[in-house]
Amino acid sequence: MANKLFVSPSPDGWRNLGVDEYFLDHMGAEDILLYFYINANAVIIGCGQNPWAECRLAAMERDGVQLVRRITGGGAVFHDAGNLNFSFIAGEKIYSVERQLGMILSAVRALGIPCEFSGRNDLLADGRKFSGNAFCARGGVRQHHGTLLLNADLSRLQNYLNVDPRKLQAKGTKSVRSRVCNLSEFVPDIDCARMLEALKAAFRAEYGPYEELRAQDLDEAAVAPYVEKQASEAWRLGRTPRFDLEIENRFPWGNVQLLLTLRQSRVDALDVYSDAIDANLTGEIRRRLLGAPFGAAPMSRALLESQSPQVREVGAFIAAQEL
């Protein structure tokens, strides 16, 4: 077993998320790596989200804000230099979300900040979120990455995201800012360098001595395709959706939007978007509905046959619609 740690020197969101995926595909089954990066000015969306609906793309282009699509599920977030990002990549025998989040909490508590785990993927201080997390797996290697709000400009969050008011209502809050906090509210002089040292110490205490990689240790020829993918419009934006019918609903676990193109009373084409944590959800819904007869009964039947509780919930919702 090898313990490794890498701190990215780059502020570029496309490179940093590209390297994140590179590590996922190149980590040994017996190893664990903790990767840190800071994106200077970017909106990061989940793999299943619709950027045309989630983001204010014109404002982002005007202000030079990168659009970055991660390979994991979940919702959209804004990153600046006051936001430290971490990623655990480990073989499945070593990987443990509970242990990994415990390590993060230990580092934050070491700085004198009371904090706790709450909900599907959030870390809280004083009842407010300072860290969100998302997950992915390929073969025998798993990834868990997340954010740490240190002294981010929270006012910019709303400049570039079209926040669904139903999501806020479901959480019983009135604004994005009321749900999140910076750790600098508790330790005013906290910065990324200080947080990094606390995290390194917690990693060493939890997993033992580690090797710290340098930028020159990466195989740039192997990294390049991942960065090119992240920078490509095909990955970030896809195509502008064209559709005949929209079906959308917010479930307790996330929003689902279906954009259907119909031909001869069947689902001929389908775009599926969601901020659900399950990165496979959109793909399964699409596979089950493509080619299905159009109508509440046949479409719901196709989804209700799934083993996924979330897919079945979407099926039950469609069954109740007048289509």
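Accessible areas here come from the Shrake-Rupley method with a 1.4 Å probe, and for residues only the protein chains shown count as cover. By that method the protein chain exposes about 14500 Å², of which carbon and sulfur atoms supply 49%. The structure is a predicted model, in which local features need pLDDT of at least 70 and side-chain atom pairs count only at pLDDT 80 or more, while totals for chains, interfaces and linings use all residues. Residues are numbered from 1 along each chain as its sequence is written, and side-chain values use heavy atoms, with hydrogens and water left out.

The protein chain has 12 helices and 14 strands; helices (H or I, at least four residues) and strands (E, at least two) are DSSP runs numbered from the N terminus. Its radius of gyration is 20 Å, close to the 20 Å that the globule rule gives for 323 residues, so the chain is as compact as a globular protein of that length. That radius is taken over C-alpha atoms, and the rule is 2.2 Å times the number of residues to the power 0.38. Along the principal axes, the C-alpha atoms fill a box of roughly 60 × 40 × 40 Å.

Of the 323 residues, 53% count as buried, where buried means under 20% relative accessible area, exposed over 50%, and partly exposed in between (1.4 Å probe, protein chains only). Among the contacts (heavy atoms within 4.5 Å) with a separation of 6 or more, residues 24 or more positions apart account for 68%.

Gln 66 lies in strand E4 (residues 66-69) and is buried, with a relative accessible area of 14%. Leaving aside neighbours within four places in sequence, Gln 66 is in contact with Asp 12, Gly 13, Trp 14, Asn 41, Ala 42, Val 43 and Met 60. In helix H11 (residues 296-304), the buried residues are Ala 296, Pro 298, Met 299, Ser 300, Ala 302 and Leu 303. These residues of H11 pack against E12, E13, E14, H10 and H12.

On a 1 Å grid over the protein atoms alone, a cavity is a set of points where a 1.4 Å probe fits but cannot get out, and a pocket is an open set with protein on both sides within 12 Å along at least five of seven lines; lining residues have an atom within 4 Å of a point. Grid points are joined across faces, edges and corners, and a volume is the space filled by probe spheres set on the points.

The second largest pocket holds about 380 Å³ of space. It is lined by 20 residues, and the closest to its centre are Cys 47, Arg 69, Asp 271, Val 272 and Tyr 273. Strand E14 gives the largest share of this lining, 4 residues. By class, the lining has 10 nonpolar, 6 polar and 4 charged residues. Here Ala, Val, Leu, Ile, Met, Phe, Trp, Tyr, Cys and Pro count as nonpolar, Asp, Glu, Lys and Arg as charged, and the others, Gly among them, as polar.

There are 2 cavities of 30 Å³ or more. The largest cavity has a volume of about 40 Å³, and its lining includes Ile 247, Phe 251, Leu 258 and Phe 317. Strand E12 provides the largest share of that lining, 4 residues. The second largest cavity holds about 30 Å³, and Cys 47, Gly 48 and Gly 73 are among its lining residues.
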